[in-house]
Amino acid sequence: MMTTLGPSPIDFDAVGAGWTAREIAQQPALWREVAAAVASSRAETDAFLGPLLGQADLRIVLTGAGTSAFAGEVLAPYLARESGRRVEAIATTDLVSNPREHFAENVPTLLVSFARSGDSPESVAATRLADGCLPRCHHLVLTCNSRGNLHREHIGAPRSLVRVMPPAANDRGFAMTSSYSCMLLTALLILGSDPGTAPGSDLGSDPLANERADHGAELAQRLAVAAEGLLANRSAGIRAVAERGYRRIVYLGSGALKGVARESALKMLELSAGTVATWYDSSLGFRHGPKSILDDATLVVAYISTDPYTRRYDLDMVTELRASMAPESVIAVTANPNDPDLGRDSENAWLVEGIADLDDAVVSLPFVMCAQLLALHTSIALGRTPDNPFPGREVNRVVQGVTIHPLEGPG
């Protein structure tokens, strides 16, 4: 049958994968919507962020739980470098359990919260603890659910700005796919540098506002076209890899792409219901012990950086692994068709075309779709139901069973 993921023999609805398949495939269209939404609300966003970003000692903390936390891990290196500011990715699960450790400094802080539902117990607790520990804390809330607790807590609050993703981004499948990429892109367009301006430079009266909006639309369009090409040209090949029956999968990435590797490992672990063991690491870090996971049933997926210097280390690892493993068990995901043996005609590389000049945090958006597709098809091949891989509710779409304890004592 013809599906939104291209020609496929699979009836996704019949195998319990309809929502997940559609939510992977819809991302290019949603990215265009995200760019339009960011542009239309630019004046309000800049009025809120301008005074904050004008403070030289502003600390930016990117937070969320699980996949939402990994969005922050992807963005933090990019935003820190582009803005010259202190930007940290700290999961809500760490903030809630150790608030005095992470909120010890009395500096102006912007807490950027990523949350699909906003109903995870840690989501609201992290923002309340931040307000309790820090006298100068503001909140940028990125969520997919206008009915969630996090949205209700912050909408209209004087020190908060809430941005809700397009309705379709509130995934109905178990795993975060559209929600993750839409929130990541929104944060990138809001907080990242634009032509002729950097975060914090007279945002409230920016004469290049129209140019910045055009840049966001252009960037989203390039990413969407690249992702559409990936869906059209690589879906069948990714399905074929998934059907080989690997029992272990390792994801590698450097810098921002290490965050993508972590998200990829979680996506496989979730949709395979823990049947496939996963690992993630940096290209250099993998040699220091974690290589022990490799065996004849292991697949390695290496994300290749677009930075010319960093890419050398990624390619070295690919070469090393292909010399010691079956070459077809080492897949490189790259945006550069000129990388050795990684071009468009290579069977052991998934080329994402048209974005080789973009930063790793940006190319991570179509890159992660490779992992989403691989997890989807692996789940189906294992006889699981991707839309609900845990029918016994051993793991839930929205985390349950968390008790938020009161923070007592000074500080």
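1. R128 counts as exposed, because its relative accessibility is 52%, where exposed means over 50% relative accessible area, buried under 20%, and partly exposed in between (1.4 Å probe, protein chains only). R128 forms a salt bridge with E153, and the closest N and O atoms are 2.9 Å apart. A salt bridge here is a side-chain nitrogen of Lys or Arg within 4 Å of a carboxyl oxygen of Asp or Glu. The pair links distant parts of the chain, since R128 belongs to helix α7 and E153 to helix α8 (residues 149-154), 25 residues apart. E153 is partly exposed, with a relative accessible area of 33%.

2. A word on the basis of this note is in order. The model is predicted, so local features need pLDDT of at least 70 and side-chain atom pairs count only at pLDDT 80 or more, whereas totals for chains, interfaces and linings use all residues. Residues are numbered from 1 along each chain as its sequence is written, and side-chain values use heavy atoms, with hydrogens and water left out.

3. The protein chain contains 13 helices and twelve strands. Helices (H or I, at least four residues) and strands (E, at least two) are DSSP runs, numbered from the N terminus. Of the 411 residues in the protein chain, 57% are buried. Its accessible surface comes to about 16300 Å², and 51% of this belongs to carbon and sulfur atoms; such areas come from the Shrake-Rupley method with a 1.4 Å probe, and for residues only the protein chains shown count as cover. Among contacts with a separation of 6 or more, 75% are accounted for by residues 24 or more positions apart, a contact being heavy atoms within 4.5 Å.

4. In which order do the strands of the open sheet stand? The order of its five strands is β4-β3-β5-β6-β7, with parallel pairing; two strands pair if DSSP finds at least two bridges between them. At the edges are β4 (86-89) and β7 (160-164), each with a single partner strand, so one side of each is left without a neighbour in the sheet. From one strand to the next, the twist averages 15°, where axes are lines fitted to C-alpha atoms, for helices over the stretch in contact, and angles run from 0 to 180 degrees between N-to-C directions.

5. Two pairings within the sheet may be followed residue by residue. Strand β3 (residues 59-63) pairs with strand β5 (residues 109-115) in the parallel sense over five bridges, and T109 in β5 is the bridge partner of R59. Strand β6 (residues 137-143) likewise pairs with β7 in the parallel sense over five bridges, with V141 opposite V162 in β7. Strand β7 is mostly covered, as four of its five residues are buried.

6. Leaving aside residues up to four places away in sequence, S113 touches T63, T127, L140, V141, L142 and L150. S117 is found in the loop between β5 and α7 (121-133), and at 8% relative accessibility S117 also counts as buried. The C-alpha atoms of S117 and L150 are separated by 8.1 Å, although these residues are 33 apart along the chain.

7. How many salt bridges does the structure hold? There are 20 salt bridges in the structure. Side chains of opposite charge can pair when their charged atoms come close. R222 lies in helix α10 (residues 209-242) and D357 in the loop between β12 (349-351) and α13 (360-381), so the pair ties together parts that are 135 residues apart in sequence. R222 is partly exposed at 26%, whereas D357 is exposed at 57%.

8. E263 forms a salt bridge with K267, the closest N and O atoms being 3.0 Å apart. Because they are four residues apart in helix α11 (residues 256-271), E263 and K267 are separated by about one helical turn. Both E263 and K267 are buried.

9. On the surface, L284, Y309 and Y313 form a nonpolar patch, with about 300 Å² of accessible area together. Patches are made of residues with over 30% relative accessible area and no salt bridge, with like charges joined within 9 Å and nonpolar side chains (Val, Leu, Ile, Met, Phe, Trp, Tyr) within 5 Å. Y313 lies in helix α12 (residues 308-324) and counts as partly exposed, because its relative accessibility is 31%.
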